[in-house]
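Dear colleague,

Please find the structure below, handed over to you together with some notes on what was found in it.

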Amino acid sequence: MRAVRALQNFASEDEQAVLEKVSKETFFTEHKVSLIKTDKVTVPMVTGLFHNYVLLPVGEYKEKELELIFRHECTHLFNNDLWLKSLIHMYCFMFWWNPFVHLLKAD
């Protein structure tokens, strides 16, 4: 995650506060999610298996837009989508010769 921490962060404290509010509502507890607003991404995304980051493209967002974006990204974290995708990639790596594995990856 050194690469993520090396990104220049343009996020404001207000945007971080919206993320913290949505994170508390989604996880029902204190869950550390960091916001990085950068010009290196074109769409909002989450990354980090152990320490979660929301990467947000540079731009102007209304509070309601931020709330919807963060709710969507926190739902990915809540459902452990990053872990699931990592496991599927490892499974495909180990059983590359099985055609059904590629169907699983496509799904």
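**Surface patch**

On the surface, Tyr91, Phe93, Met94 and Leu104 form a nonpolar patch with about 450 Å² of accessible area together (Shrake-Rupley method, 1.4 Å probe, only the protein chains shown counting as cover for residues; patches take residues with over 30% relative accessible area and no salt bridge, joining like charges within 9 Å and nonpolar side chains, Val, Leu, Ile, Met, Phe, Trp and Tyr, within 5 Å). The model is predicted, so local features need pLDDT of at least 70 and side-chain atom pairs pLDDT 80 or more, while totals for chains, interfaces and linings use all residues. Residues are numbered from 1 along each chain as its sequence is written, and side-chain values use heavy atoms, without hydrogens and water.

Helix H4 (residues 81–94) gives the most to the patch, with 3 residues (helices, H or I, of at least four residues and strands, E, of at least two are DSSP runs, numbered from the N terminus). Phe93 lies in helix H4 and counts as exposed because its relative accessibility is 68% (buried is under 20%, exposed over 50%, partly exposed in between, with a 1.4 Å probe and protein chains only).

**Salt bridges**

There are 4 salt bridges (a side-chain nitrogen of Lys or Arg within 4 Å of a carboxyl oxygen of Asp or Glu). In one of them Lys37 pairs with Glu15, the closest N and O atoms being 2.7 Å apart; this links Lys37 in strand S1 (residues 33–38) with Glu15 in helix H2 (residues 13–27), 22 residues apart. Lys21, Glu25, Glu67 and Arg71 are linked in a network of salt bridges.

With best regards
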